[in-house]
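Here's a quick tour for anyone opening this one up for the first time. Have a look around, then read on.

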Amino acid sequence: MRTTRARQLGLTMAGLIFILAFIGIVVMFVVRAFPLYNEKMQVVAAMNSVAARPEAASMPERELELSFLKSLQATSNIARFSDRSIKDHIEIVKPEGKGEAKLFRLHYQATNELYKDLHLMLNFDRQIPLQGNASGTGE
């Protein structure tokens with residue numbers, strides 16, 4: 001009688017459970033992180049829309065805030081910013097040197113629950129230069 005050693009091929013049950021658990025954790029992370037990433041991209045698009053306006057540098061701060069809100073509401077359903085709360089998040093930074101542009105700065109924090117008391121946090125702090133002439137003379 002011949003005895004041959006048979007090689008085991010395949011995946012064990014423990015290996016399969018480990019792989020499925022890992023895939024589940026990655027999927028849970030992506031599902032929870034995507035809304036924060038999507039919100040960030042929509043806010044950046046709204047900021048770029050406001051900053052690209054030819055008269056943006058000469059607009060008053062309140063008008064820039066309202067323009068940002070209008071741009072944001074036209075493209076998304078983000079309820080984080082309202083008419084009252086927007087002034088806490090937007091700042092117009094005056095130029096330090098001659099010939100520099102005014103900066104449109106937006107800063108806020110957003111969180112999303114990952115699992116029970118673990119949260120993902122988006123710390124958004126970005127500034128972009130405003131187009132146009134800050135003096136409003138059109139030079």
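## Starting at the hairpin

Keep in mind that this is a predicted model. A handy place to begin is the hairpin formed by strand 2 and strand 3, with two residues between them. In that turn sits Lys 116, with a positive phi of about 50 degrees.

## How the strands line up

Strand 2 covers residues 103–115, and strand 3 covers residues 118–129. These two run antiparallel and are joined by twelve bridges.

Which residue of strand 2 does Glu 91 stand opposite? That would be Arg 105.

## Arg 105 and its salt bridge

Arg 105 turns up again when you look at charges. In general, side chains of opposite charge can pair when their charged atoms come close. Arg 105 forms a salt bridge with Asp 125, and their closest N and O atoms are 2.9 Å apart. This pair ties together distant parts of the chain, with Arg 105 in strand 2 and Asp 125 in strand 3, 20 residues apart. Asp 125 counts as partly exposed, because its relative accessible area is 49%.

How many salt bridges does a search of the whole structure find? The count is six, and the Arg 105 pair with Asp 125 is one of the salt bridges you can find here.

Over in helix 2 (residues 61–75), Arg 62 forms a salt bridge with Glu 65, with 3.1 Å between the closest N and O atoms. Why are they about one helical turn apart? Because Arg 62 and Glu 65 are three residues apart in helix 2. Arg 62 is partly exposed, at 35% relative accessibility, whereas Glu 65 is buried, with a relative accessible area of 4%. Asp 83 joins in as well: Arg 62, Glu 65 and Asp 83 are linked in a network of salt bridges.

## Around Ser 67

Stay in helix 2 and find Ser 67. Is Ser 67 buried or exposed? Its relative accessibility is 13%, so Ser 67 counts as buried, since the cut-off for buried is under 20%. Leaving aside neighbours within four places in sequence, Ser 67 is in contact with Val 50, Arg 53 and Met 59.

The Ser 67 side chain makes a polar contact with the side chain of Arg 53, at 2.8 Å. The side chain of Arg 53 also meets that of Glu 55 in a salt bridge (2.7 Å, N to O). Arg 53 is partly exposed, with a relative accessible area of 29%, and Glu 55 is partly exposed as well, with 32%.

## A last stop on helix 1

Helix 1 takes in residues 13–51, and Val 30 is found there. At 48% relative accessibility, Val 30 counts as partly exposed. Now jump along the chain to Leu 114, which is 84 residues away from Val 30.

Conventions. Residues are numbered from 1 along each chain as its sequence is written. This is a predicted model: local features need pLDDT of at least 70, side-chain atom pairs count only at pLDDT 80 or more; totals for chains, interfaces and linings use all residues. Side-chain values use heavy atoms; hydrogens and water are left out. Helices (H or I, at least four residues) and strands (E, at least two) are DSSP runs, numbered from the N terminus. Buried means under 20% relative accessible area, exposed over 50%, partly exposed in between (1.4 Å probe, protein chains only). A polar contact is a pair of N or O atoms within 3.5 Å; within protein, one must be able to donate a hydrogen and the other to accept it, and residues adjacent in sequence count only if both atoms are side-chain atoms. Contact means heavy atoms within 4.5 Å. Two strands pair if DSSP finds at least two bridges between them. A salt bridge is a side-chain nitrogen of Lys or Arg within 4 Å of a carboxyl oxygen of Asp or Glu.
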